[in-house]
Amino acid sequence: MDEQKKNMLSLIQPTNTPHLGNYLGAMQNWVRLQNDYNCFFGIADLHSITVRQDPVKLRAQIKESYALLIAAGLDPEKSTLFVQGHNCQHAELSWILSCYTQFGELSRMTQFKDKSAKYSDNINAGLFTYPVLMAADILLYQADLVPVGADQKQHLELARNIAQRFNGVYGDTFTMPDPYITKTTAKVMSLQEPTKKMSKSDENPNASVWVLDDKDTIIRKFKRAVTDSEAEVCAREGKDGIINLMSIYSAVAGKSFEEIEAEFRGKGYGDFKLAVGEATADMLAPMQAEFKRISADKAYLEACMKQGAEKAYKATRKTLQKVHKKVGFVVL
Ligand code: TRP
């Protein structure tokens, strides 16, 4: 770890494969950030069981998500790529921090309210304390910067409040984490409802392009994308569907809006959609090939996970010991 560099940390849930928006908005950026920060990227297996999971499927998804990080270009030597549950200190710190988090604070979390409505037959305590575990993830690594989507902002804010409270009582212990606002290459909207962001939880199978979709599937989804009744590829107001396709095309093919307008002047939406689909599939192809290669190499994947677990443990041991000392535990 380079003491001169700031720490950056983010975790992703293993239970959903990322979509095109995650790839363009987050994963591609992470790869670029590897040289500028001490990067910690993790798979949030502990968080995923707040909703009932099938064990066989979950195990496969954890490995898949981990392989995807590497396939996307994150370097297990340069960064710390870990599975949350492999570092037991997350759960330990989470317990301690839960004693510094108020019931009322957790009750105000909008994600808890949404999820407890959605999974009303299983409103477990983990669903409620989920943000404390997330705070533990962040504070354990003394993260300066945390790239998060809008849906996680409130959780990050809570992590800051917990840190501040703890530091207030015991003196400087945790680094105050700041949100890292990604300079997104493209804001990717749903292909079916282009005023809504592309989302992992969208029920409509044609709304999202998954990063592991094959070429035919990608092209089919773009062909079905909702546009408008005109026939002009341009970024005029009210043309949300076309604007979405233009910004995706711009991000994946590196073309400006002007160039795109010129390319499709006098052509129909069919041609345009096909071009966006092909360009997207081509952009994802190397990552998908790499994913296939890594996934087939079980020994390599396991070795990376082991190394990641050790690096994660070492990087966080001091923080937890400090916390134990501060709260008055006996440190051996
Ligand atoms: N809760 C986050 C999500 O669902 C995942 C997550 C867990 C996370 N721990 C984190 C994100 C720490 C950033 C930092 O997307």
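Around the ligand sit Leu 9, Ser 10, Leu 11, Gln 13, His 47, Tyr 130, Met 134, Asp 137, Ile 138, Val 146, Val 148 and Gln 152, where a residue counts as near if one of its heavy atoms lies within 4 Å. This is a predicted model, with local features needing pLDDT of at least 70, side-chain atom pairs counting only at pLDDT 80 or more, and totals for chains, interfaces and linings using all residues. Residues are numbered from 1 along each chain as its sequence is written, and side-chain values use heavy atoms, with hydrogens and water left out.

By class, this shell holds seven nonpolar, four polar and one charged residues (Ala, Val, Leu, Ile, Met, Phe, Trp, Tyr, Cys and Pro count as nonpolar, Asp, Glu, Lys and Arg as charged, and the others, Gly among them, as polar).

Now for the polar contacts (pairs of N or O atoms within 3.5 Å). The side chain of Asp 137 puts an N or O atom 2.6 Å from a ligand nitrogen; for Tyr 130, the side-chain distance to a ligand nitrogen is 2.8 Å. Gln 152 has a polar side-chain atom 3.1 Å from a nitrogen of the ligand. On its own the ligand exposes 360 Å², and the protein buries 90% of that (Shrake-Rupley accessible areas, 1.4 Å probe).

Strand E1 (7–12) and helix H7 (125–140) are the elements that give two or more residues to the shell; helices (H or I, at least four residues) and strands (E, at least two) are DSSP runs, numbered from the N terminus. H7 gives the most, with four residues.

Conventions
A polar contact is a pair of N or O atoms within 3.5 Å; within protein, one must be able to donate a hydrogen and the other to accept it, and residues adjacent in sequence count only if both atoms are side-chain atoms.
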